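Have the coordinates open as you read.

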Amino acid sequence: MTPKEVVEFARQKGARIVDLRFIDLPGLWQHFSITMSEMKEDIFEEGVGFDGSSIRGFQKIQESDMLLIPDPNACFMDPFTEVPTLDIICNVKDPVTGESYSRDPRYVAQKAEKYLQSTGIADTAYFGPEPEFFIFDDIRFDQSVNYGFYYIDSKEGFWNSGKEENPNLGYKPRYKEGYFPVPPMDQLQDIRSEIVLTLESIGVQIEVHHHEVATAGQNEIDMRFDTLTRMADKLQMYKYVAKNVSRRRGKTATFMPKPLFQDNGSGMHVHQSLWKNEKNQFFEPGNYADISKNCVHYIGGLLKHAPSILAFAAPTTNSYRRLVPGYEAPINLIYSQRNRSACVRIPVYSKSERAKRLEFRCPDNSSNGYLAFAAMLMAGLDGIQNKIMPPDPVDKDLYDLEPAEKAEIKSTPGSLEEVLDALEKDYAYLMKGDVFTKDLIENWLEYKRLKEVDAIRLRPHPYEFALYFDI
C-alpha cells in the first residue's frame, strides 16, 4: 500500500490508535503508540522519534535519539486490543545522518535480499520456517543469591497422570508420544485453530497445524513460505498471536528451545529455495533428490559455515540443551533426502519444481528471524560463489551408525560459547555487500557473552547441589 492508502485503511477500519513496532537486536518486538490524529502521510518519510539507548543492543545514552520509519506494506489491524489499533512494522534510522541503522535487524534482512539480486544468482529467496512451541498452564521461575528454581506445569503433562485433579480424566501424551493422537489426547486442537484463524485474519497464510512430539502441549503451526524479510515479519506476527491467544485462554506460550528435561525440544526448521525469473534454481531432475548444482553448493555453504550461522540461528544457552543426540535433534553436519537426523534435509513429498527446496534443521525460535534468515542466505550464496561441496549425502539412520562411520561425520557445536567463538573467526561471508557490519557482529558477540554466557556460567545450577552438596 501507499502511505495514503494506509491512512485510509486505518480510517475505514475505525482505528483510533497506531502502534509502531520494531525489533531489538536479540529478537523481541518493541513498540509505542500514537493517536490517529498524529497519523499523517509524512510520518512514512519523516519518521517518529524514540529513545534508542533503552533498547537492547542499540545506542549508548549520549546518542540515544533514533527514528522509526513505518513500512506501509507491513501493517495490520491488531486482533487483541480493546481499542481499535493499527499495527505497523517499522525500520530504524539515525536522525543525524538520515541513514538506515546498521544494527536494525530488519535492515540487515533487506540488505541480504538486495545482495542476492546483485549477484545474479537469483532474484528471490523464499523462506518457510516451521516454529515449534509449548503451551503451558503455569510457569514459575526465580533466581537470587541463595536460591534458584523453575517450575512448569501443564494439564497435558504426563507427570500429572497420577495427580488428583477431581477428576483426572487421563489422556495425557506419554513422553515423546505427542505426535500426534487425536483429541482428547490432544487437548490443544481448538487453541491452535484459533491461532491459525487469527493469523490468517491479519494476512499470514497457514498450511497445517498439529501437536508435536513432546508431552505437555508442544505444538507446530506451519506458515506458507514467503520472501526473506516478509517471512521474518510474519514470524514476529506468529509469536505475537500464539502468545496472546494462549494468554486470552488462561495459558502461556513459550518459544524457548528446551523447557523440559528428557523430552523433545522446540526447533524451527527453515525451508529455503532460490528463484530467478520465476524458475526454481534448486531444481534439476535426474540428480540426487532432483536438486541442482546450485542447491548442492548452497548446502555446502550452510554446512561449512554452520557453527557461525548458529550464533544467530540457535543463539541462546538453552539452544544447546536441544542440540544433543537422542531427541530427534539435527546435530549431524551432512545432508540427506528424507533423513531427519541430518542438519540439511531435502523433502521428497513432491516431485514438482515448485516444491523443491532444502530444509535447514538446526535453527530454533530463540533466534531473531531477520538475522538468522539473512545469515543462512549469505552462507548459501558463499557456497554457490565458491562452489563449496558438502560431504556426500547419507541416507542411513545417523544415530545407529557404526563408531567408525560416526567418527567421520562432524557435529554442530555444543554450546553458545563455541558458536560465538566460531562467529568471531568466520564472518567475512556475512559482510559481503555490507549486509552484516562489523559493528553489529561485535555488538552481538559482546551482548551474548556478557548477558547470556557469563550470566549462566556464574550462577550455581540446581542439579549441582544433587551432585556436589555432600562433597
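**Labels and what backs them**

Q: What do the buried residues of α1 pack against in this predicted model?
A: The buried residues of α1 pack against α2 (43-46), β4 (65-77) and β5 (85-93). Those buried residues of α1, which spans residues 3-12, are Val6, Val7 and Ala10.

Q: Why are the buried residues of α1 said to line one face of the helix?
A: Look down the axis of α1: its buried residues fall within an arc of 100°, so they line one face. Turned away from that buried side is a face with the exposed residues Lys4, Arg11 and Gln12. Just after α1 comes glycine 14, whose phi is positive, about 75°.

Q: Why is serine 366 called buried?
A: The cut-off for buried is under 20% relative accessible area. Serine 366 has 17% relative accessibility, so it counts as buried. You'll find serine 366 in the loop between β17 (358-360) and α9.

Q: What makes the pairing of serine 366 with aspartate 364 a polar contact?
A: A polar contact needs N or O atoms within 3.5 Å. The side chains of serine 366 and aspartate 364 make theirs at 2.4 Å, and the side chain of serine 366 also makes one with the side chain of threonine 316, at 3.3 Å. Leaving aside neighbours within four places in sequence, the contacts of serine 366 include Pro26, Phe255, Pro257 and Ser319.

Q: What makes the phi of aspartate 290 and of aspartate 434 worth a flag?
A: Most residues other than glycine have a negative phi. Aspartate 290 has a positive phi near 60° and isn't a glycine; aspartate 434 isn't one either, and has a positive phi of about 60°. Aspartate 290 lies in the loop between β14 (279-280) and α6 (293-304), while aspartate 434 is in the loop between α11 (416-425) and α12 (438-457).

Q: Which peptide bonds are called cis, and what are their omega values?
A: One joins tyrosine 179 and phenylalanine 180, with omega about -20°. Another runs from proline 183 to proline 184, with omega near 10°. Phenylalanine 180 sits in the loop between β8 (148-153) and α4 (189-201), and proline 184 is also placed in the loop between β8 and α4.

Q: Which members of the largest nonpolar core touch the most others?
A: Leu274 and Phe436 do, out of 96 residues. Helix α9 (residues 369-385) gives the most to this core, 12 residues. There's also a second, separate core of 25 residues, with Phe22, Met39, Val48 and Phe58 among them.

Q: How do you know which residues are closest to the centre of the largest pocket, and what is its volume?
A: The volume comes out at about 2,200 Å³. Of the 50 lining residues, Met256, Pro257, Thr317, Asn318 and Ile456 are the closest to the centre.

Q: What gives the largest share of that pocket's lining?
A: That's α12, with 6 residues. Among the elements that each supply at least two residues are β2 (29-35), β7 (138-143) and α5 (228-248).

Note on methods. Residues are numbered from 1 along each chain as its sequence is written. This is a predicted model: local features need pLDDT of at least 70, side-chain atom pairs count only at pLDDT 80 or more; totals for chains, interfaces and linings use all residues. Side-chain values use heavy atoms; hydrogens and water are left out. A nonpolar core is a set of buried Ala, Val, Leu, Ile, Met, Phe, Trp, Tyr and Cys residues joined through side-chain atoms within 4.5 Å. Buried means under 20% relative accessible area, exposed over 50%, partly exposed in between (1.4 Å probe, protein chains only). Helices (H or I, at least four residues) and strands (E, at least two) are DSSP runs, numbered from the N terminus. The arc is that of the directions from the helix axis to the C-beta atoms. Contact means heavy atoms within 4.5 Å. A polar contact is a pair of N or O atoms within 3.5 Å; within protein, one must be able to donate a hydrogen and the other to accept it, and residues adjacent in sequence count only if both atoms are side-chain atoms. On a 1 Å grid over the protein atoms alone, a cavity is a set of points where a 1.4 Å probe fits but cannot get out, and a pocket is an open set with protein on both sides within 12 Å along at least five of seven lines; lining residues have an atom within 4 Å of a point. Grid points are joined across faces, edges and corners, and a volume is the space filled by probe spheres set on the points.
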